[in-house]
Amino acid sequence: MVGAANPLPRRTRRTEPPSLDRLSPREHEVLVGILGGLTNKAIGIELGISHRTVEIHRARIMRKLGATSIASLVATAIALGGGQPPGA
C-alpha cells in the first residue's frame with residue numbers, strides 16, 4: 001500500500017498553558033454566564049444570541065482552556081480568575 005508508512009501529519013495541540021487572555025470578548029461573556037450557573041438558553045437571551053451560538057462559544061472556550069467537561073471548565077476558569085471583567 002503506497003503511503004501507508006507515511007500517514008498524514010496530525011494537527012498538533014497547542015502546548016501553551018490555559019489563559020483567559022486567549023478568549024475573545026464574547027467568549028468571556030459566555031464564560032461569565034456559565035460561571036453564574038446560567039443555561040445556554042439564558043445566556044443567549046442575556047447576550048442577544050441563540051442558544052446554539054452559546055454552545056459553539058462554550059466549545060471554543062473549553063478547547064482554549066483545555067477543559068473536557070463543564071466541571072473542569074468551571075474549575076479551570078475559577079483557578080485562572082474567571083468571572084472578572086476582561087482587564088480587571
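User: Before we look at residues, what makes a residue count as buried?

Analyst: Buried means a relative accessible area under 20%. Keep that cut-off in mind as we go through this predicted model.

User: Thanks! Why is Met62 called buried?

Analyst: Met62 has a relative accessible area of 14%, and the limit is under 20%, so Met62 is buried. You will find Met62 in helix H3.

User: What does Met62 touch, leaving out residues up to four places away in sequence?

Analyst: Its partners on that count are Ala67, Thr68, Ser69, Ile70 and Leu73.

User: Why are H1 and H4 called roughly perpendicular?

Analyst: The axes of H1 (residues 25-35) and H4 cross at roughly 110 degrees and come within 10 Å. Angles of 65 to 115 degrees count as roughly perpendicular, so H1 is roughly perpendicular to H4. On the H1 side the contact is made by Leu31, Ile34 and Leu35, and on the H4 side by Leu73, Val74, Ala77 and Ile78. By class, that contact has seven nonpolar residues, no polar and no charged ones.

User: How do you know that H2 is roughly perpendicular to H3?

Analyst: Here the axes of H2 (residues 40-47) and H3 (residues 51-65) cross at roughly 105 degrees, coming within 8 Å. The range is again 65 to 115 degrees, so H2 and H3 are roughly perpendicular. Asn40, Lys41, Ile43 and Gly44 of H2 meet His51, Val54, Glu55 and Arg58 of H3. This contact divides into two nonpolar, three polar and three charged residues.

User: Which residues have the most contacts inside the largest nonpolar core?

Analyst: They are Val30, Leu31, Ile43, Ile61 and Leu73, in a core of 15 residues. H1, H2, H3 and H4 each supply at least two core residues, and H3 gives the largest share, four residues. Val30 itself touches Ile43, Leu47, Val54, His57, Arg58 and Ile61, not counting residues up to four places away in sequence. As general background, nonpolar side chains tend to be buried together in soluble globular proteins.

User: What is the mean pLDDT of the chain, and which elements have the lowest and highest means?

Analyst: The chain has a mean pLDDT of 85, with 76% of its residues at 70 or more. A friendly caution: where pLDDT is low, the predicted coordinates should not be read in detail.

How values were computed
Residues numbered from 1 in each chain as written. Predicted model: local features only at pLDDT ≥ 70, side-chain atom pairs only at ≥ 80, totals over all residues. Heavy atoms only, no water. Axes fitted to C-alpha atoms, helices over the stretch in contact; angles between N-to-C directions. Parallel < 35°, antiparallel > 145°, perpendicular 65-115°, else oblique. Contact = heavy atoms within 4.5 Å. Nonpolar A, V, L, I, M, F, W, Y, C, P; charged D, E, K, R; others polar. pLDDT = per-residue confidence, 0-100. Buried < 20%, exposed > 50% of the residue type's maximum accessible area, 1.4 Å probe, protein only. Core = buried A, V, L, I, M, F, W, Y, C linked by side-chain atoms within 4.5 Å.
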